[in-house]
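Notebook open, one chain to go through today.

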Amino acid sequence: MAGKKIKKDTTGTPLEAHVASSKILAEHIDKVYISGKKSTKAIEDASIDIQDNDFVCIVGPSGCGKSTLLRMLAGLDFPTAGNIIVNDRKVTGPGPDRGMVFQTYTLFPWMTVEDNIKFGLKIKKMSKEEQQKIADRYLDIIGLKKFAKAYPKELSGGMKQRVAIARALANQPEVLLMDEPFGALDPHTKSMMQLLMREIWETEHPTVVFITHDIDEAVFLANKIYVMSARPGKIIKEVNVYLPHKRNLELKDSPEFIKIRKGINDLLYSANTEAEEE
C-alpha cells in the first residue's frame, strides 16, 4: 500500500496506531521530451504526497512543468521515470476517480448549461430523474439556476468556469485536478471564483490539486503548497498553510497571509536567481 511508513521503536513495535495512506503519491518523477536528436528535461526528481480531502496548490514560474505534472496525475501524460499512485493504484490513464478543469473553457457550445453538467451522468446511464437532481444541486452551488437553459456563448468567462467546475464535481470524482482555471479572468471575478472554490471544497471535500503561478491565489486556497523551480522543474519546498479553515477575502490583508506569501515569493526569487547564474 502506498503511503507513509509506520514508525517503530527499537523493538519493532509501532509507535502510531494508524498512518493514513496517501491519496496521491508521485515518487521521483522525471519528464523528458525528445524531438529528433534533442532532448529537453521538463521535470526532475519531483515527489509529492497528498492526503485524502486535502487542498494542495503547486506554484512555480511559467514553463516549470507544473501543468505537465498535473496532466500526469490525470493520466493524460506519463513520466519518463518514477511512479504516480492514486488510490493505491499506479496511474495508467484517465479514470472516473479524477476530474479535470482546464484554464480554457471546455464546455460543449451546443449544449445548455444544464446539459453540460449532466454530460458525464448521461455517459454513466443514470436515470433522468437522478441526472436532474444532481444538476439542480450543482446549479444551486455555483449560483446559476437562472442560467440552466442558457448556452455557453451567453455566459461570461467566470460563469463558464463555474459550469466547468460543476460538471467535474457532478461526476463525484475523488480527486479534482485544476490547471490554472482562473488565469484568464479579471481580478474581481478571479477573487470571487477563489472564494467560491474554497467554499465548494469546504462543503464537498474533494481532494484538490490546483496549479497556479499566482502566489496570492495559492495561499488563499491551499492547506499545503508545493513550490517548483524553473525548468527543469524540481520541488524546492513544501509549505504548510496554517490559516483559518473558513476563509474570506479580507484574509489576504492579514499579517499571517502576507508572511506566507512573502516567504514563497522570496523562495522563488532565490531559486530563479540561482538558475540564471548557473
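**Helix 2 on helix 4**

I started with helix 2 (residues 113-123) and helix 4 (residues 157-170), which pack with their axes 8 Å apart at an angle of about 25 degrees. Angles under 35 degrees count as roughly parallel, so helix 2 gets that label relative to helix 4. This is a predicted model, which I kept in mind throughout.

I then checked the hand, and the crossing of helix 2 and helix 4 is right-handed. On the helix 2 side I listed Val113, Asn116, Ile117 and Leu121, and they meet Val163, Ala166, Arg167 and Ala170 of helix 4. Sorted by class, this contact of helix 2 with helix 4 has six nonpolar residues, one polar and one charged.

**Helix 2 on helix 3**

Next I looked up helix 3 (128-141). Its axis and that of helix 2 come within 9 Å and cross at roughly 130 degrees. Helix 2 and helix 3 are therefore oblique to each other. I noted a right-handed crossing for helix 2 and helix 3.

Which residues make this contact? From helix 2 I wrote down Val113, Glu114, Ile117, Lys118, Leu121 and Lys122, and from helix 3 Gln131, Gln132, Ile134, Ala135, Asp136 and Leu139. The classes in the contact of helix 2 with helix 3 are six nonpolar, two polar and four charged. Val113, Ile117 and Leu121 of helix 2 are listed in the contact with helix 4 and also in the one with helix 3.

**Helix 4 on helix 5**

Helix 4 also packs on helix 5 (residues 187-204), with an angle of about 20 degrees and axes 10 Å apart. I therefore put helix 4 and helix 5 down as roughly parallel to each other. Their crossing is right-handed. Helix 4 brings Gly158, Gln161, Arg162, Ile165 and Leu169 to the contact, and helix 5 brings Thr189, Met193, Leu196, Met197 and Ile200. I sorted the residues of the contact of helix 4 with helix 5 into six nonpolar, three polar and one charged.

I went for the largest pocket, and its volume is about 510 Å³. It is lined by 21 residues, and Gly95, Arg98, Gly99, Met100 and Asn171 are the closest to its centre. Which element gives the largest share of the lining of the largest pocket? Strand 6 does, with four residues. By class I have 13 nonpolar, five polar and three charged residues in the lining of the largest pocket.

For cavities of 30 Å³ or more, I get a count of one. About 40 Å³ of space lies in the largest cavity. I listed its lining as Glu180, Phe182, Gly183, Lys190, Ile211, Thr212, His213, Asp214 and Glu217. The lining of the largest cavity divides into two nonpolar, three polar and four charged residues.

Most residues other than glycine have a negative phi, and most peptide bonds are trans. I found an exception to each. Lysine 125 has a positive phi, near 60 degrees, and I placed lysine 125 in the loop between helix 2 and helix 3. The peptide bond from arginine 231 to proline 232 is cis, with omega near -5 degrees. Proline 232 lies in the loop between strand 9 (224-228) and strand 10 (235-240).

Conventions: Residues numbered from 1 in each chain as written. Predicted model: local features only at pLDDT ≥ 70, side-chain atom pairs only at ≥ 80, totals over all residues. Heavy atoms only, no water. Axes fitted to C-alpha atoms, helices over the stretch in contact; angles between N-to-C directions. Helix = DSSP H or I, 4+ residues; strand = E, 2+ residues; numbered from the N terminus. Parallel < 35°, antiparallel > 145°, perpendicular 65-115°, else oblique. Left-handed = near helix turned anticlockwise from the far one by under 90°. Contact = heavy atoms within 4.5 Å. Nonpolar A, V, L, I, M, F, W, Y, C, P; charged D, E, K, R; others polar. 1 Å grid on protein atoms, 1.4 Å probe; cavity = no way out; pocket = protein on both sides within 12 Å on 5 of 7 lines; lining within 4 Å. Points joined across faces, edges and corners; volume = space filled by probe spheres on them.
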